[in-house]
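Subject: Structure handover

Hello,

Here is the structure for you to look over. My notes follow below it.

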Amino acid sequence: MIIPLSSLKIGMNGIIIRLEFEESIKERFIAMGIIPGKKITYVHESPFGDPMVFKIEDNKIMIRKNEAEKIFVDVTEEILSLEESTPGVYKIFLIKGGLFFRKELENLNIVNGSIINVINNHFGKVSLKVNNKTITFGKGRSKKILVKKLNK
Amino acid sequence: MTFEIAIIGNPNVGKTSIFNIITGSRQYIANWPGVTVEKKVGSFKYKGHHFKLVDLPGIYTLSAQSDDEKVARDYLINESPDAVVVVADSLNLERSMYLLMQILEMNLPAVLAINSIDEAQSKGKIINPSFISKTLNIPVVLTSAKKLIGIDILLESIHKVAEKKSIPVRNFIYTESINSFIEHFSNKLEEYDFLKSYDKRWLALYYLEFGSKNFHYPETLIEDINSQFDINKLKSEFMNWKFSFISSIIKSSVIEKGRSWAMRDILDHVMTHKVLGLLIYVVALYFVFSLTFNIASPLSDLIDIGFNYLGNFFNGKIPIPWLNSLIVDGIIGGVGGVLIFIPQLFVLFFFMGFLEESGYLPRAAFLVDKLVRKFGLSGRSFMSIILGFGCSVPAIMSTKTIANKKERMALILSIPFASCSARLPVYIILISAFFDKNAATILLFVYISSILLVLLSAKILQIFFIKGEEVPFTIELPRFRMPTFRNLALYSWNRGKHFLEKAGGIILIATIFIWLLSYFPNNNDISHSYAAYIGKFFEPITLHLGWNWQTNISLIFGAVAKEVVASSYMTILNVGQEGITYALQDILTQRSALALIFFVLAYIPCFATLSVIRQETNSWKWLFFELFYTLTIAYLIANFVYLIGGIFL
Ligand SMILES: Nc1nc2c(ncn2[C@@H]2O[C@H](COP(=O)(O)OP(=O)(O)OP(=O)(O)O)[C@@H](O)[C@H]2O)c(=O)[nH]1
Ligand SMILES: [Mg+2]
């Protein structure tokens, strides 16, 4: 699936496909290492979600959202936040947020890699099943949990 | 004869570090992209030959955007050095090769130095230089400017290339259509006499990559070419050729074990953390200020004792009264009054050195970019503002890398509001005298206000400038590096040396001047001296702030260099470091001292700053504007603080 760089979730990566800038700007990005065919990972997010820091090989580059929207990448696996999920089976990809939040989820048997079953999503208020237990997260919390959709 | 050798490469790969080692100089090095903004020249001898070495600003590509990048590009296009050392980063080899290819297309005699090889080793990355060397037909050397690896071999290669004169033919095998384009283009060029001296194949490729913008191609030529070829299609074909060529070289010459740097990754996550990132900075700043008062101040008392001793030693030994006073009160008192702050300044320089060498600065730029955009600035500007805490001069120089003219001009004129190290002595004597209990907090407050002042000023000033070219702002976050003690010491020494030179130069002259004005015309009767007359002249506009003539005359001399405010207080009040507290409490109140602190923060940039403003804005108009502007703002703020102070103090 081809999406703009700006839609990547933290920790996610993709292969650079194309840059949609005018020639001189495009050439500059390429010279900085944003080369089609390379793998790029979203590694640091800023307080306002803009700008974003990406990693290519050993190099970290800060790009503003405006520009990230014009760089397109191919992502093999789709990662989304629980808030955006529709009913189905998911694997936990990443839990953002502090130590306490993670500890709390761990007690509910939710860690990276656990399989969950989303039952319904009511405007971000998500009910899901883990190990036959049903849990509900509010919008704020479900935003912080990134999941990967598993094939139906 | 002398060989001319140029150093070129991506930003922050270690060009200046290598330059310093080879030439034995001490040019400015730091761990963020864009440190070198001007051409720097040095020299060295090797095997009996003289070499001139030119260090250039870093560039990613020959299509330069900002003024510093133009310096490097124009050098490559217009000069013909005997060898070009292309410095690459061993952990970002592929990207560095892109620029290298552009340089090889120009048919320049090149040497490739793959630097920071120590870091590649610690990551388990192995590079085979001989494969790259054979493929590109250039010498390739693995170097480390930190561990001093490969420098001898580099010199030997430079020497060989420079002496050879003829450039080895590099026949890259381009695609069919690119070849025929080059062929046609070069043939056409024959028709133009004034292009005879240029390399024809290069002009063809340069046109393919960058169009007609950066070079004076004749109109008729362009028309002909555009009618015969689909340039855009050829261009992307050329780019693709280059990518696959580069990655085939990398594939055959690099082995990666991919050992990870877990510790650095964790550190980086903390430093770029949404909340912690800036909090750490503020806490560190607070810590530095506490050190300033608690650790450094006792040291400076010691120095003060030394100067007192020196003063007492000379006092009375010189039979001519005025000369005795000049040496004891003027020179020893005045210059000493500045030198005693060396410990505090070194604490600050050490901290600044840590920010610059660790790689924190671009991370701060990342964290605040969105925020400072509201003030018409970018994260890059914020880096320059933080640099301003050290000294305004390099901070203003560093704005050269800002491509947006409007942002740059507003920033140049606002950076003097960033509280530079020279203002620290003045804060210290005032804060010690009036706010001893929460000294570090007050100082932190002053510094944070100073950032706000810069931001607001930049916002306001931007109405004066026409909109510059909008260019996307991106910046590379360099790898975290633990600053070595040696580098920090060198950094602090470089900054400290500048301070000492000032003390022996402009501050000494100012001090003698102050002494003259306070000694004459009534032989050492200060309250009836010229200094008093001048100071009293301004009292009508300063008395309501609680500043009498002693303060006024100190401020006037402080326009030369801000630390002079502190030293001239000592001369005029005729006291040293320990006496200054009581002497100040006699002539100022808490409220007026706070107003004074803010006045000193904002008023007139020192001579050195003014001259760099003149140079970078290239106009006298802005210099005079700056004088008037800072003075007005400072006076307004002082009045404001005095008013507010009336409520709280
Ligand atoms: N570990 C390691 N660090 C290095 C080496 N060479 C340079 N550095 C560090 O890399 C950073 C950048 O060095 P500079 O010499 O300022 O780089 P530059 O290429 O001149 O940078 P610009 O002038 O900004 O383009 C500094 O923090 C150096 O200490 C090296 O061989 N190994
Ligand atoms: Mg440099």
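**Strand pairing across the chains**

A:Ile61 sits opposite B:Glu476, a residue of E9(B). Strand E5 of chain A (residues 59-63) pairs with E9(B) in the antiparallel sense, over four bridges. Two strands count as paired if DSSP finds at least two bridges between them. Helices (H or I, at least four residues) and strands (E, at least two) are DSSP runs, numbered from the N terminus.

Some ground rules. This is a predicted model: local features need pLDDT of at least 70, side-chain atom pairs count only at pLDDT 80 or more, and totals for chains, interfaces and linings use all residues. Residues are numbered from 1 along each chain as its sequence is written, chains are lettered from A and ligands numbered from 1 in the order in which they are written, and side-chain values use heavy atoms, with hydrogens and water left out.

**Chain B against chain A**

The contact count is 35 residues of chain B with 33 residues of chain A. Contact means heavy atoms within 4.5 Å. The two chains bury about 3500 Å² between them, and carbon and sulfur atoms give 56% of that. Buried area is the accessible area (1.4 Å probe) that two parts lose on being put together, summed over both. On the chain B side, B:Lys274, B:Phe366 and B:Thr474 lose the most area to chain A. Together they make up 17% of what that side buries.

Eight salt bridges are counted between chain B and chain A. The rule is a side-chain nitrogen of Lys or Arg within 4 Å of a carboxyl oxygen of Asp or Glu. B:Lys235 and A:Glu23 form a salt bridge, with the closest N and O atoms 3.1 Å apart.

Which elements of chain B give two or more residues to the side that touches chain A? They are helices H3 (93-105), H10 (231-253), H11 (262-271) and H15 (360-373), plus strand E9 (474-477). H15(B) gives the most, with six residues. By class, that side of chain B has 14 nonpolar, nine polar and twelve charged residues. Ala, Val, Leu, Ile, Met, Phe, Trp, Tyr, Cys and Pro count as nonpolar, Asp, Glu, Lys and Arg as charged, and the others, Gly among them, as polar.

**Inside chain A**

Chain A divides into domain 1 (2-74) and domain 2 (79-149). The bounds come from an automatic or database domain assignment. Their C-alpha centres lie 27 Å apart. Five residues of domain 1 are in contact with eight residues of domain 2. The two domains bury about 480 Å² between them, 65% of it on carbon and sulfur atoms. A:Lys9, A:Ile10 and A:Met12 supply 81% of the area that domain 1 buries against domain 2. Two salt bridges are counted between the domains. A:Glu84 and A:Lys9 meet in a salt bridge at 3.2 Å, N to O.

**Backbone points to check**

Most residues other than glycine have a negative phi, and most peptide bonds are trans. The peptide bond from A:Asp50 to A:Pro51 is cis, with omega near -5°. A:Pro51 is in the loop between strands E3 (39-45) and E4 (52-56) of chain A. B:Asn12 has a positive phi, near 65°. B:Asn12 lies in the loop between strand E1 (2-9) and helix H1 (15-23) of chain B.

Best wishes
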